[in-house]
Amino acid sequence: MFRTGPRNLITDVAGLRVGNASDASLKSGVTTVLCDTPTVAGVQILGGAPGTRETDLLEPHNSVDVVHAVVLSGGSAFGLDAASGVQAALRERGIGLEVGGFRVPIVPSAILFDLRNGGDKDWGRYPPYRELGYEAAQTATADFQLGTIGAGTGALTSGLKGGLGSASTLLDSGVTVGALAAVNPTGSVTTGRTRHFWAAPFEIGDEFGGLGYPSPMPADAKRILLKHRDKHVGRQMEIGGNTTIAVIATDAVLTKAAAKRLAISAHDGFVRAIWPTHTPADGDLVFALATGTSGIELSAVAAIDLYAAAGATMARAISRGVYAATPAENDLFPVWSSRLR
């Protein structure tokens with residue numbers, strides 16, 4: 001049986017800290033995962049509309065083996081500036097890859113689209129994401145809030161506010177797996193318009209309500225409920241403006257190729273928690289981090305448990321992000337806690 005880590009957060013993976021910065025009027029923000037030491041990383045992109053920075057270097061055939069942080073940001077392409085702020089904070093601390101006598105922090109990043117969410121995007125000449133990234137890096141700790149914060153501040157799903165979610169799993173091998181997700185998909189995380197999460201079979205305790213599946217299943221469970229078709233706001237939203245971006249992490253010792261496999265497996269959690277997902281209107285992406293702090297190298301059989309846990313932990317993190325969302329002024333969609341059935 002899977003069990004959670006002491007925090008039930010990605011930071012149960014030793015060697016990682018998470019920082020968040022939010023702007024309530026903007027309805028957007030930045031989340032960064034800082035690595036205490038240079039960390040093996042990978043990435044897998046399965047959505048059709050990604051926005052990224054420094055992801056090519058994560059492919060196993062490329063030269064750079066480690067990263068110093070990863071960044072999840074709102075703001076669409078404007079949010080890619082957030083990585084520059086995190087990079088600046090790391091450079092001030094002397095952290096980075098030594099290249100020709102210079103220290104270059106390696107900070108891959110990904111963005112979600114939260115421009116049309118009711119926030120004030122009239123920021124002037126330059127967007128605020130570089131400063132938000134710097135602030136997020138300065139506040140990184142082991143304990144952090146979920147829901148309407150960081151990259152999840154302005155996130156929306158089909159019919160509900162999205163949010164920032166996280167979860168962890170302890171395996172019998174002694175390995176820890178953690179997930180972090182900024183949940184902003186075009187699809188739905190609940191069965192129809194009920195309170196019941198698609199990821200219910202993977203829930204540990206009552207971490208996102210403990211409701212299980214509805215019985216019987218609602219008549220609209222098979223309907224394709226998309227954000228841009230939702231009538232809650234009295235008009236149809238434009239298609240696009242979506243994406244769930246996430247990080248899966250472990251303290252197992254992995255190669256760069258195995259880290260990519262971990263990212264691939266974590267996408268199974270998207271499928272278990274969101275329907276539909278990986279659409280042409282989503283930029284779904286998972287970064288993988290392997291700190292190696294446990295010192296455990298898994299056998300081929302034990303690795304199957306790791307990759308299975310990656311999907312289950314990601315599904316839980318996605319659900320927890322929506323479950324923890326809180327209301328704010330000018331919201332377009334309600335929060336999960338306001339749904340009555």
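This is a predicted model: local features need pLDDT of at least 70, side-chain atom pairs count only at pLDDT 80 or more; totals for chains, interfaces and linings use all residues.
1. **How ring pairs are described.** A pair of aromatic rings is described by how far apart the centres are and by the angle between the planes. The count for this model comes to five aromatic pairs. Take Phe 78 and Trp 123: their ring centres are 5.0 Å apart and their planes meet at 75°, so this pair is edge-to-face. The cut-off behind that label is an angle over 60 degrees.

2. **Where that pair sits.** Which parts of the chain do Phe 78 and Trp 123 link? Phe 78 belongs to the loop between β4 (66-73) and α1 (82-92), while Trp 123 belongs to the loop between β7 (109-111) and α2 (129-138). The two residues are 45 residues apart, and the pair links distant parts of the chain. Phe 78 is partly exposed, with a relative accessible area of 39%. Trp 123 also counts as partly exposed, at 23%.

3. **A tilted pair.** Now look at Tyr 323 and Trp 336. Their ring centres lie 4.9 Å apart with planes at 55°, so the pair is tilted. Tyr 323 is in helix α4 (residues 300-323) and Trp 336 is in the segment after α4, so the pair ties together parts 13 residues apart in sequence.

4. **Around Trp 336.** Ring pairs join Tyr 323 and Trp 336 with Phe 197 and Phe 208 in a cluster.

5. Which residues of α1 are buried? They are Ala 82, Ala 83, Gly 85, Val 86, Ala 89 and Leu 90. These residues cover an arc of only 160° around the axis, which puts them on the same side of α1. On the face turned away from that buried side you will find the exposed residues Arg 91 and Glu 92. The buried residues of α1 pack against β2 (28-45), β3 (52-53), β4, β7 and α2. Just after the helix, Gly 94 takes a positive phi of about 75°.

6. **An enclosed strand.** Strand β9 (residues 176-183) has eight of its eight residues buried, so the rest of the structure largely encloses it. Thr 176, Gly 178, Leu 180 and Ala 182 point one way, and Val 177, Ala 179, Ala 181 and Val 183 point the other way.

7. **The partners of β9.** Strand β8 (residues 163-170) pairs with β9 in the antiparallel sense over eight bridges, and Ala 167 has Ala 179 as its bridge partner. Five residues lie between the strands of this hairpin, where Gly 174 takes a positive phi near 95°. Strand β10 (residues 245-250) is also antiparallel to β9, over six bridges, with Ala 181 opposite Ala 246.

8. **Thr 250 in β10.** Thr 250 lies in strand β10. Thr 250 is buried, with a relative accessible area of 0%. A polar atom of the Thr 250 side chain lies 3.0 Å from the backbone oxygen of Thr 176. Leaving aside neighbours within four places in sequence, Thr 250 has contacts including Val 13, Val 175, Leu 262, Leu 289 and Leu 306.

Definitions and conventions. Residues are numbered from 1 along each chain as its sequence is written. Side-chain values use heavy atoms; hydrogens and water are left out. Rings of Phe, Tyr and Trp (its six-membered ring) pair if their centres lie within 6.5 Å; planes under 30 degrees apart count as stacked, over 60 as edge-to-face and the rest as tilted. Helices (H or I, at least four residues) and strands (E, at least two) are DSSP runs, numbered from the N terminus. Buried means under 20% relative accessible area, exposed over 50%, partly exposed in between (1.4 Å probe, protein chains only). The arc is that of the directions from the helix axis to the C-beta atoms. Contact means heavy atoms within 4.5 Å. Two strands pair if DSSP finds at least two bridges between them. A polar contact is a pair of N or O atoms within 3.5 Å; within protein, one must be able to donate a hydrogen and the other to accept it, and residues adjacent in sequence count only if both atoms are side-chain atoms.
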